[in-house]
Amino acid sequence: MTMGLSTQKTQKGTAPARKRRHTRVRKKVVGTAVRPRLVVTRSTRHVFVQVIDDAAGHTLASASTMEADLRASGDDKSAKAKAVGVLVGERAKAAGIEAVVFDRGGNRYAGRVAAIADGAREAGLSL
């Protein structure tokens, strides 16, 4: 019976590649109390955004497409992502945050990820 041991150092595929990219990005992107990190987590159907102070390990503001008002809207995923960006921007401003560091989570800066950043800029956050 073979064990199926792999001699490859790294795994191949889209999920491991995204994880490697995210690890590479996280080496340089660190959130502080003055300039926290805006993290984008994307699934096939929803997006989740958090503003995190890495020094304290606290989430300062968050928003997602799972919220009732965004779930009920009949917009496409990019429009919902932009609305999430505006919402998290407003919540961050209410918490006293003016500037954030953008963490795209290993995803390409296009589509829904870019829409979130545009929405946050519209709300007055500096990325």
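Figure 1. Four residues lie between the two strands of the hairpin, and Gly-57 in the turn adopts a positive phi of about 75 degrees.

Figure 2. Not counting residues up to four places away in sequence, Ile-52 touches Gly-31, Pro-36, Arg-37 and Val-39, together with His-58 and Thr-59. Ile-116 is 64 residues away from Ile-52 along the chain, and the C-alpha atoms of these two residues are separated by 16 Å. In a regular strand the side chains alternate between the two faces of the sheet.

Figure 3. Ser-64 belongs to strand S3 and, because its relative accessible area is 10%, counts as buried. The side chain of Ser-64 reaches the backbone nitrogen of Met-66 at a distance of 3.1 Å. When residues up to four places away in sequence are not counted, Ser-64 touches Val-47, Phe-48, Leu-70 and Val-84.

**Figure 4. Helix H4 and the elements that cover it.** Helix H4 (residues 112–122) has the highest confidence in the protein, with a mean pLDDT of 96, whereas helix H1 (residues 14–26) has the lowest, with a mean of 83. Eight of the eleven residues of H4 are buried, so this helix is largely enclosed by the rest of the structure. The buried residues of H4 are Arg-112, Val-113, Ala-114, Ala-115, Ile-116, Ala-117, Gly-119 and Ala-120. Their covering includes strand S1 (37–42), S2, helix H3 (77–94) and S4. After H4 comes Gly-124, which has a positive phi near 105 degrees.

**Figure 5. The largest nonpolar core.** This core has 22 residues, and those with the most contacts inside it are Leu-38, Val-51, Ile-116 and Leu-125. At least two residues of the core are supplied by each of S1, S2, S3, H3 and H4. Leaving aside neighbours within four places in sequence, Leu-38 is in contact with Val-49, Gln-50, Val-51, Val-88, Val-100, Val-101, Phe-102 and Asp-103, as well as with Ile-116 and Leu-125. In soluble globular proteins, nonpolar side chains tend to be buried together.

**Figure 6. Asn-107 and Arg-108 in the loop between S4 and H4.** Asn-107 lies in the loop that runs between strand S4 (101–103) and H4, and Arg-108 is placed in the loop between S4 and H4. Asn-107 counts as buried because its relative accessibility is 5%, whereas Arg-108, at 72% relative accessibility, counts as exposed. The side chains of Asn-107 and Arg-42 are joined by a polar contact of 3.5 Å. Apart from neighbours within four places in sequence, Asn-107 is in contact with Arg-18, Val-40, Arg-42 and Val-113. The C-alpha atoms of Arg-108 and Ala-83, which are 25 residues apart along the chain, are separated by 19 Å.

**Figure 7. The aromatic pair of Phe-102 and Tyr-109.** One aromatic pair is counted in the model. The ring centres of Phe-102 and Tyr-109 are 5.9 Å apart and the ring planes stand at 85 degrees, so the pair is edge-to-face. Tyr-109 has a relative accessible area of 43% and is therefore partly exposed.

**Figure 8. The whole chain, as context for the close-up views.** The secondary structure comprises four helices and four strands, which follow one another from the N terminus in the order α-β-β-β-α-α-β-α. The C-alpha atoms fill a box of roughly 60 × 35 × 20 Å, taken along the principal axes, and buried residues make up 37% of the 127 residues. Among contacts between residues at least 6 apart in sequence, 60% join residues at least 24 apart. The average pLDDT of the protein is 88, and 92% of the residues score at least 70. Where pLDDT is low, the predicted coordinates should not be read in detail.

Notes
Residues are numbered from 1 along each chain as its sequence is written. This is a predicted model: local features need pLDDT of at least 70, side-chain atom pairs count only at pLDDT 80 or more; totals for chains, interfaces and linings use all residues. Side-chain values use heavy atoms; hydrogens and water are left out. pLDDT is the predictor's confidence in each residue, from 0 to 100. Buried means under 20% relative accessible area, exposed over 50%, partly exposed in between (1.4 Å probe, protein chains only). A polar contact is a pair of N or O atoms within 3.5 Å; within protein, one must be able to donate a hydrogen and the other to accept it, and residues adjacent in sequence count only if both atoms are side-chain atoms. Contact means heavy atoms within 4.5 Å. Two strands pair if DSSP finds at least two bridges between them. A nonpolar core is a set of buried Ala, Val, Leu, Ile, Met, Phe, Trp, Tyr and Cys residues joined through side-chain atoms within 4.5 Å. Rings of Phe, Tyr and Trp (its six-membered ring) pair if their centres lie within 6.5 Å; planes under 30 degrees apart count as stacked, over 60 as edge-to-face and the rest as tilted.
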